[in-house]
Amino acid sequence: MEAPKEPLKIFSSILLQEYVRLMTAAKFIKNNETEKTAHFKISAENYDKMMAEPLKTALLGLSLEYNREDALLSATPDDYFIEQFNNKIMCDVALTYAENYGKRYTEFMEFAD
């Protein structure tokens, strides 16, 4: 997985959902599996566009809460989600993704933890 050279300029609901998924997993792994919930800054407009996407496969196993006042999205994984990242390969994927793509979607969303 190669690190992108610049932030993404075109909005993609599916890519933002995958960002939420893998950044949430990476946070859980980096915090020695003690803190589950990850937070993201995202405008209400971008949140609504992301959630309007009919395909939400990347969000399976995540409970989402959005606070419009603070423009803060909270993603909390369930046990099924966490189990997937107990696998060394998936763990490495999440950590590499976080390192390479952590700032990729700053035009639309930012990791807030």
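Buried here means under 20% relative accessible area, exposed over 50%, and partly exposed in between (1.4 Å probe, protein chains only). This is a predicted model: local features need pLDDT of at least 70, side-chain atom pairs count only at pLDDT 80 or more, and totals for chains, interfaces and linings use all residues. Residues are numbered from 1 along each chain as its sequence is written, and side-chain values use heavy atoms, leaving out hydrogens and water. Helices (H or I, at least four residues) and strands (E, at least two) are DSSP runs, numbered from the N terminus.

**Helix H1**
- Met-23 is found in H1 and is buried, at 6% relative accessible area.
- Met-23 touches Phe-40, Tyr-97, Ala-98, Gly-102 and Phe-111, not counting residues up to four places away in sequence (contact: heavy atoms within 4.5 Å).
- Just after H1, Asn-32 takes a positive phi of about 55 degrees.

**Salt bridges**
- The count is six (a side-chain nitrogen of Lys or Arg within 4 Å of a carboxyl oxygen of Asp or Glu).
- Asp-92 pairs with Lys-88 at 3.0 Å, N to O. Both lie in helix H4, four residues apart, about one turn of the helix. Asp-92 is partly exposed at 33% relative accessibility, whereas Lys-88 is exposed at 59%.
- Glu-107 bridges to Lys-9, with the closest N and O atoms 3.6 Å apart. Glu-107 lies in the loop between H4 and strand S4 and Lys-9 in the segment before H1, so the pair ties together parts 98 residues apart in sequence.
- Lys-27, Glu-35 and Asp-113 are linked in a network of salt bridges.
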